[in-house]
Amino acid sequence: MSAGLLQVFPPIRHAFAYGSSILCKAPDPTRQLDFIFLVDSSLAWHQANLATNPQHYSAKAQALGADAIVKSASAAAGFHYNPYVALQGQMCKYGVVDKARAIADIKDWDTFYLSARMHKPVLDLISDSEVVQCQSLNLQRAVAVGLLTAPQTMSEEDLYLHISQLSYLGDPRLEAAGKLEAMVADNLSAFQQMYRPVFHQLRSAVGFEAGVVEVSSR
Amino acid sequence: MQELIALVPRSICQRPEALTDMGSSGRKEVLFGGIERLNRQMVQRQYRHYLKTTSFRTIFSYAFRKLKKAVFSRIN
């Protein structure tokens, strides 16, 4: 998967693929690939995208127009998703959000919609330095909340599972219990690459040794 | 512990400093409660947006696929 896939779209600041289609060892081939695009102005972006890719939008969304789409999305978490879009023969779903709104969520968990998705490994296709920088704070918060709501000492893998479960609290679309365990086990090295630098950044508060994470007593 | 508490976002706990005086089960209850509330609110709002901007046919085909998956997973 490469950024070339995104050439059909108006300019995007930051883009990544996420979800089970990239995290499962044996993804369901009928399942869509999930993408999130961060853009400078979702209004201008949808206006341009409606002109170049109108078939990506439902008839209802096309009739409503960019203004109404963005206004309605803003009252929610700021995302408008276009599902069942064929990109180079692959069915995809993409969500578009203003970069400023996304940054607020990544930094402060305003909606916990994007920030929670970024607690699990994602595949960056286009990187924005500001987003990458904010992601470090997002992961620090995830480790802090994970440790404050878990047993005093736990294995590194259990902490990743615990953090991954946070995004499903209160969500009726809760994933099957065994699915998250398998997802963490299958992607352990990707989780380690994400979180081990965070353990180091928080070394005065977090003890990490031999695969065990704990709240430091120092 | 203080450093971790300082990292708790105010969106899930308006007074993170109050967590200091709580036991681990109290902290868990407050933080899980805050995340649950936020998640539920955002999922509901996103669904509302989805219903406003999506054709009936797409909603129906999505619901049908979910139902089919649920039925087959029970059978298997």
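Predicted model: local features only at pLDDT ≥ 70, side-chain atom pairs only at ≥ 80, totals over all residues.

Residues are numbered from 1 along each chain as its sequence is written, with chains lettered from A and ligands numbered from 1 in the order in which they are written.

Chain A holds 9 helices and 8 strands (DSSP runs of H or I with at least four residues, and of E with at least two, numbered from the N terminus). Its C-alpha atoms fill a box of roughly 60 × 35 × 30 Å along the principal axes. Of the 218 residues in chain A, 43% are buried, that is, 20 or more other C-beta atoms, placed from the backbone, lie within 10 Å of their own.

Helix α9 of chain A spans residues 188–201. A kink of about 30° lies at Met194(A), shortly before Pro197(A); the bend is the angle between axes fitted to the seven residues ending at a residue and the seven starting there. Met194(A) is also one of the buried residues of α9(A), along with Phe191(A), Tyr195(A), Val198(A) and Phe199(A).

The contact between the chains (C-beta atoms, placed from the backbone, within 7 Å) is divided as follows.

| Chain | Residues in the contact |
|---|---|
| chain A | 35 residues |
| chain B | 30 residues |

On the side of chain A that touches chain B, α3 (59–74) and α6 (129–148) each supply at least two residues. The most comes from α3(A), with 7 residues.

Terms used:
Buried ≥ 20, exposed ≤ 12 C-beta atoms within 10 Å, placed from the backbone. Expected span 1.5 Å × (residues − 1). Contact = placed C-beta atoms within 7 Å.
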